[in-house]
Amino acid sequence: MVQKLTTLKESPSQTAGPYIHIGATPNWVEITGVWEEDLGLVLVGSETKGERIIIKGRVFDGSRTPLKDALIEIWQADADGLYNSPEEKRGKADPNFVGWGRQPTDGVTGDYKFETIKPGRVPYKDGRLMAPHITFWIVARGINIGLHTRMYFSDEEAANGQCPVLGRIEHKHRVQTLIAARGEENGLATYTFDIHLQGEKETVFFDI
Amino acid sequence: MSDQGPFYQRDRSWHPAAFTPQYKTSVLRSPQYPLLSLDNTISEMTGPRFGHNKIGPLDNDLIRNFAKAGDPIGQRIIVYGRVLDENARPVPGALVEFWQANAGGRYRHKKETYLAAIDPNFGGCGRTITDEEGRYWFRTIKPGAYPWPNGVNDWRPAHIHFSIFGHAFAQRLITQMYFEGDPMIWQCPIVSTIPDKAGIEQLVAALDRNATLPMDAMAYKFDIVLRGRRSTMFENRMEGN
Ligand SMILES: [Fe+2]
């Protein structure tokens, strides 16, 4: 026998199930009057610094059917590449930008949409800059443990080419699964980011 | 020495695998490529923090926070516990959200079709923030078991869903709490996605007679463990060293 380590085990994950909206976005499923506003719906105010963008897309299963019961959370840096978090030691982030958002996929179409700003670049652990990116976390019925991925920007080709994280992807054609295509709608930059849980276009998911 | 390093690698053998055919919905929703391992960057070691000002006084009282005309039907219970990290340190300021079916096993959701009655006085959602010692508590009614379309006769054990935000996005976790002594736990295809019996037992809340309010509410203790961070004792190497 040896001495016992004093660490604990992380609580095992369990699926969010089909009714995560009751807890995460109750007003969206007509449970009203408990709290006024669901958390994470609004990221940007009039004072927020940075380029306004829209991110939209769907989450597809292995039969290419969009999930109509998923919940997506995003986490991103501000326009200068700083996170609004006490764990951020490099400086003070834009006080008018929380950087966290939460949206359900539509119950009929499976569409999701975030209105946010384009983040600045953030350094990798060795000091090299990563390309601008937004962290995504996807949960749903049938997903046993939340899936982490990242969205990158199609108009950041040079930065993407130097990003140490994208550089770690062995199968180069899979890099494309993380790059959202820039378009324009009503004068606003719009990025389409579809997530494929499985199949030919399976998104790169991270064990972070 | 402080816990400022990256988070310990997640023990994937302790969590459910993505592909668990006994839980049929996982079959088409499970990635097939291996996950790309990424030692944490700032993007994962930071996370949103939620202030106490976001939380209303009834947010942790599911008996009262939706009731229109009287209390919900069901056994009154208190659920309490601590949010800790793998280093057994409390996680203060963690947002804990919970949702559940009513006493009959029926969720208040437009897509729910189970024939058990909706309770007009029960919404089924709540939230709270842990205090300086990582403690949280809420009051609710004990949820009922319910059938679900998987096998033709599969039932979920009574459970409460939990969503927890620690201090970093890498700690983000959703799980479920079960109740001590429930035989349905050991017959559930979703519970059985957890490979280790000890892992399942970690999600079973203990009946705590000492915390029970006499003539009012039974109490269950449910501690939650989030990922812990490495200490930085020998990690101050500069680039190139
Ligand atoms: Fe459930």
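Let me start with B:Asp59 and B:Gly56: a polar atom of the B:Asp59 side chain lies 2.9 Å from the backbone nitrogen of B:Gly56. That is a polar contact, meaning a pair of N or O atoms within 3.5 Å; within protein, one must be able to donate a hydrogen and the other to accept it, and residues adjacent in sequence count only if both atoms are side-chain atoms. The side chain of B:Asp59 makes another polar contact, with the side chain of B:Arg127, at 2.9 Å.

Before going on, the conventions. This is a predicted model, in which local features need pLDDT of at least 70 and side-chain atom pairs count only at pLDDT 80 or more, while totals for chains, interfaces and linings use all residues. Residues are numbered from 1 along each chain as its sequence is written, chains are lettered from A and ligands numbered from 1 in the order in which they are written, and side-chain values use heavy atoms, with hydrogens and water left out.

Back to B:Asp59. In chain B, this residue sits in the loop between α1 and β2; helices (H or I, at least four residues) and strands (E, at least two) are DSSP runs, numbered from the N terminus. B:Asp59 and B:Arg127 are 68 residues apart along the chain, yet their C-alpha atoms are separated by 5.5 Å. Is B:Asp59 buried or exposed? It is buried, because its relative accessibility is 2%; buried means under 20% relative accessible area, exposed over 50%, partly exposed in between, with a 1.4 Å probe and protein chains only. Leaving aside residues up to four places away in sequence, B:Asp59 touches residues of both chains, including A:Val34, A:Trp35, B:Phe98 and B:Cys125. Contact here is heavy atoms within 4.5 Å.

That brings us to the interface. On the chain B side 86 residues are in contact with 78 residues of chain A. The area buried between the two chains is about 7500 Å², with carbon and sulfur atoms giving 57%. Buried area is the accessible area, with a 1.4 Å probe, that two parts lose on being put together, summed over both. B:Arg29, B:Leu36 and B:Phe169 supply 11% of what chain B buries against chain A, more than any other three residues.

The rule finds eleven salt bridges across the interface of chain B and chain A, a salt bridge being a side-chain nitrogen of Lys or Arg within 4 Å of a carboxyl oxygen of Asp or Glu. B:Arg12 forms one with A:Asp207, the closest N and O atoms being 2.7 Å apart.

Strand β11 of chain A, residues 206-207, runs parallel to β1(B) and is joined to it by two bridges. A:Asp207 stands opposite B:Ser37.

Within chain B, two bridges join β9(B) to the parallel strand β10, residues 204-207, where B:Tyr178 has B:Val204 as its bridge partner. β10(B) then pairs in the antiparallel sense with β11, residues 218-221, over two bridges, and B:Leu207 stands opposite B:Tyr220.

Last, A:His148, in strand β7 of chain A, residues 147-153. A:His148 counts as buried because its relative accessible area is 2%. Among the residues that A:His148 touches are A:Trp137, A:Phe206, B:Arg10 and B:Phe169.

Key: Pairing = 2+ DSSP bridges.
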